[in-house]
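Have a look at the model first.

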Amino acid sequence: MTGIPFGVTDWASVPVTEHPGVSGTALWRTRHFGELRVRQVEYTPGYLADHWCSKGHILLVLEGELITELADGRVFTLTPGLSYQVADQAEPHRSRTDTGAKLFIVD
């Protein structure tokens, strides 16, 4: 990371954008720092992503429970304090949650 001066983000003041899934909704608060996209994301209960994602992420679960499915059939359940990382074009994945989840994502 280069060219990013020190700063503080008040995530509550970042505008929310809605992204519907197959079911449920993802609520994104997004900041851009050069080529980095940094997001606080909330999934409503019953959320299921509408696509398999091939973008790389570093993702930390802040609240709730996130179920991450990989296209090869593996499934991972993440709870607060757990994270995952995956590179661009490495392993297609998608998210779902039964109960809702709040995440911090850098990509």
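**Core, rings and sheet**

In this predicted model, the largest nonpolar core has 15 residues, and those touching the most other members are Val41, Tyr43, Leu59, Leu66 and Leu103.

Q: Which strands supply at least two residues each of this core, and which gives the most?
A: Strand 2 (25-33), strand 3 (36-43), strand 4 (57-64), strand 7 (83-86) and strand 9 each supply at least two. Strand 9 gives the most, with three residues.

Q: With which residues is Leu59 in contact, leaving aside its neighbours within four places in sequence?
A: Leu59 is in contact with Leu66, Leu82, Ser83, Tyr84, Leu103, Phe104 and Ile105. Leu66 and Leu103 are also listed with Leu59 among the core residues that touch the most other members.

Q: How many aromatic pairs are there?
A: The count comes to two aromatic pairs.

Q: Why is the pair of Trp11 and Phe104 called edge-to-face?
A: The ring centres of Trp11 and Phe104 are 5.8 Å apart, and rings pair if their centres lie within 6.5 Å. The planes of Trp11 and Phe104 stand at 90 degrees, and the label edge-to-face applies to planes over 60 degrees apart. Therefore the pair is edge-to-face.

Q: What parts does the pair of Trp11 and Phe104 tie together?
A: Trp11 lies in the segment before strand 1 (16-20), while Phe104 is in strand 9 (residues 101-106), so the pair ties together parts that are 93 residues apart in sequence.

Q: How do you know whether Trp11 and Phe104 are buried or partly exposed?
A: Buried means under 20% relative accessible area. Trp11 has 16%, so Trp11 is buried. Phe104 has 28%, so Phe104 is partly exposed.

Q: What makes the pair of Tyr43 and Tyr47 stacked?
A: Their planes are 5 degrees apart, with 4.1 Å centre to centre, and planes under 30 degrees apart count as stacked. Both Tyr43 and Tyr47 are buried.

Q: What makes Arg39 a charge over the ring of Trp28?
A: Arg39 lies over the face of Trp28, at 4.3 Å from the ring centre; the cut-off for that distance is 6 Å.

Notes: Residues numbered from 1 in each chain as written. Predicted model: local features only at pLDDT ≥ 70, side-chain atom pairs only at ≥ 80, totals over all residues. Heavy atoms only, no water. Phe/Tyr/Trp six-rings, centres within 6.5 Å; stacked < 30°, edge-to-face > 60°. Helix = DSSP H or I, 4+ residues; strand = E, 2+ residues; numbered from the N terminus. Buried < 20%, exposed > 50% of the residue type's maximum accessible area, 1.4 Å probe, protein only. Lys NZ or Arg CZ within 6 Å of the ring centre and 35° of its normal. Core = buried A, V, L, I, M, F, W, Y, C linked by side-chain atoms within 4.5 Å. Contact = heavy atoms within 4.5 Å.
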